[in-house]
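I opened my notebook to look up some contacts in a protein model. Here is what I looked at.

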Amino acid sequence: GVHCGACRKMSVYELHYFNNRGRAEPARLLFAAAGLPYRDIRIQSEQWPEYKLKLPMHQVPVLEVDGTMICQSVAIARYVAKVTGHAGKTDLEQAKVDMLVDGIDDVMTKKGDYVWHEKDETRKMEKKTAFYETTLPQFLSHFEKLLRTNNGGDGFLVGEGLTHADAWFLCLADDILLDFPDIFSPYPKLAALVERIRTYPGIKEWLAKRPQTPF
Amino acid sequence: MPSYKLTYFNGRGTAEIVRLVFAAAGTEYEDVRLEQDQWPELKPNTPMGQLPILEMDGTMLCQSNSIARYIAKLAGLAGKTPLDQARVDMVMDGMVDMGNKFAYEIYYEKDEDKKAEKKKDYVEKYVPQFFSSLNKLASDGGYFAGDELTLADIAFYNMTTMVNPYLEQPLSLDGFPKLQKVEDNVTSNPGIAKWLKERPETPY
């Protein structure tokens with residue numbers, strides 16, 4: 001069907017994930033920014049072995065839209081952004097948003113590798129050190145530069161308004177600030193961007209009321 | 001019509017999905033292949049210090065899947081409705097996961113015993129289970145979205161052929177008839193068939 005203002009308000013959205021921010025949080029931020037209602041389902045771990053068999057790739061997050069299941073966190077966030085007008089205004093803007101999201105996703109995947117997959121404690125510490133001494137500073141300096149190319153860096157990452165790139169960026173920021181509260185000191189525009197997203201109408205209220213979880 | 005310039009190293013790698021989309025779209029582009037010693041000079045001028053990049057009309061895009069989606073979108077190969085587009089995106093992302101798992105657990109593993117064990121697990125458990133999920137998502141005609149060729153089908157073909165050279169034998173599509181159809185639809189697309197015949201032979 002065609003998505004018009006009236007139609008999208010009638011669609012039923014259900015977001016399936018665990019009781020974490022994790023890879024569902026960008027979509028939750030976008031729903032919040034748009035004031036678009038959805039069912040924020042948080043699966044208990046005991047339910048998981050059976051639950052996953054119903055899901056397209058046996059993974060979460062999954063977004064159910066009127067019964068149709070979409071998986072993969074980046075695809076879900078992009079879809080919610082499209083429905084709520086936060087995907088970028090032109091094809092090119094959307095591509096710029098997408099490339100920034102991919103960059104953030106790469107960094108999150110790298111972090112996830114040492115946090116969740118690396119079992120050897122020595123290797124884990126080595127990877128963590130490399131992440132914070134090399135990977136992250138390189139990434140953040142690219143992003144500070146990219147942000148500054150957009151209206152001097154005093155707005156959002158791409159174009160004129162909030163996009164899913166900003167939603168992803170806040171999620172990454174929340175995560176890395178837990179380990180290193182000073183991580184943004186060399187990157188003033190990014191630090192200001194994080195605050196700008198935190199106080200965005202809808203997001204601000206969600207941050208105040210969302211379940212508090214360690215990650 | 002803007003002029004497109006794709007820059008990568010002389011290999012298929014992460015640029016190949018873009019080249020396949022250009023081929024399917026029938027869109028002309030300059031296929032620039034850098035020597036390793038040309039890269040350091042270009043690197044600081046790229047958005048994230050990585051290749052591939054796509055240049056057009058004074059703009060530079062990076063990130064292979066975002067570039068591929070952009071070119072596919074312009075050619076109507078990215079899904080017709082927002083939900084179809086989400087289906088295309090989720091399959092693409094699933095293929096990236098499959099590639100990342102191979103890279104992180106196998107390709108970068110230094111311990112030979114662990115590597116062999118992980119490879120066995122990948123080929124005997126992970127891939128069949130993942131292909132089973134993908135087979136359910138594909139249509140009887142062999143398409144992941146909208147019953148016509150999209151970037152999702154191309155991504156499936158591209159990633160499976162990317163890991164195959166690193167395995168003892170190519171991944172099997174036995175038991176996954178719809179996935180075999182997906183592969184056939186991709187390789188028989190006229191633009192892609194021509195590219196597969198003409199593209200440079202490279203080690204990766």
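This is a predicted model: local features need pLDDT of at least 70, side-chain atom pairs count only at pLDDT 80 or more; totals for chains, interfaces and linings use all residues.

**Entry 1**

I started with Glu16(B) and Arg19(B), and both are buried. Buried means under 20% relative accessible area, exposed means over 50%, and partly exposed lies in between, with a 1.4 Å probe and protein chains only. Their side chains meet in a salt bridge, 2.9 Å from N to O. I noted the term: a salt bridge is a side-chain nitrogen of Lys or Arg within 4 Å of a carboxyl oxygen of Asp or Glu. Both residues sit in helix α1 (residues 16–25) of chain B, 3 residues apart, about one turn of the helix. Helices (H or I, at least four residues) and strands (E, at least two) are DSSP runs, numbered from the N terminus.

Residues are numbered from 1 along each chain as its sequence is written, chains are lettered from A and ligands numbered from 1 in the order in which they are written, and side-chain values use heavy atoms, with hydrogens and water left out.

**Entry 2: salt bridges in chain A**

How many salt bridges does the structure hold over all chains? I found 31. One of them joins Glu25(A) and Arg210(A), with the closest N and O atoms 2.8 Å apart. Glu25(A) lies in helix α2 (residues 25–34) of chain A and Arg210(A) in the segment after α9 (203–209) of chain A, so the pair ties together parts that are 185 residues apart in sequence. Glu25(A) is buried, at a relative accessible area of 1%. Arg210(A) is buried as well, at 12%.

**Entry 3: a salt bridge across the chains**

Next I looked between the chains. The count between chain B and chain A is 2 salt bridges. Asp89(B) forms a salt bridge with Arg78(A), and their closest N and O atoms are 2.8 Å apart. Asp89(B) lies in helix α4 of chain B and Arg78(A) in helix α4 (residues 73–84) of chain A, so this pair joins two chains. Are the two partners buried or exposed? Asp89(B) counts as buried at 3% relative accessibility. Arg78(A) also counts as buried, at 3%.

**Entry 4: the whole interface**

I then took the contact as a whole. Contact means heavy atoms within 4.5 Å. Chain B gives 35 residues and chain A gives 33 residues. The area buried between them is about 2,900 Å², and carbon and sulfur atoms give 61% of that. Buried area is the accessible area (1.4 Å probe) that two parts lose on being put together, summed over both. In chain B, Met48(B), Met90(B) and Tyr104(B) lose the most area to chain A, together 20% of what that side buries.

I counted polar contacts as well: 13 residue pairs between chain B and chain A, both at pLDDT 80 or more. A polar contact is a pair of N or O atoms within 3.5 Å; within protein, one must be able to donate a hydrogen and the other to accept it, and residues adjacent in sequence count only if both atoms are side-chain atoms.

Which elements of chain B supply at least two residues each to the side that touches chain A? They are β4 (59–62), α3 (64–74), α4 (82–107) and α5 (112–137). The largest share, 13 residues, comes from α4(B).

**Entry 5: aromatic rings**

The structure holds 26 aromatic pairs over all chains. Phe144(B) and Phe156(B) form one that is edge-to-face, 6.1 Å centre to centre with 65° between the planes. Rings of Phe, Tyr and Trp (its six-membered ring) pair if their centres lie within 6.5 Å; planes under 30 degrees apart count as stacked, over 60 as edge-to-face and the rest as tilted. Phe144(B) lies in the loop between α5 and α6 (151–163) of chain B and Phe156(B) in helix α6, so the pair ties together parts that are 12 residues apart in sequence. Both are buried.

**Entry 6: Leu134(B)**

My last stop was Leu134(B), in helix α5 of chain B. Leu134(B) counts as buried at 0% relative accessibility. Leaving out residues up to four places away in sequence, Leu134(B) touches Met57(A), Val91(B), Met95(B), Phe144(B), Phe156(B) and Leu179(B).
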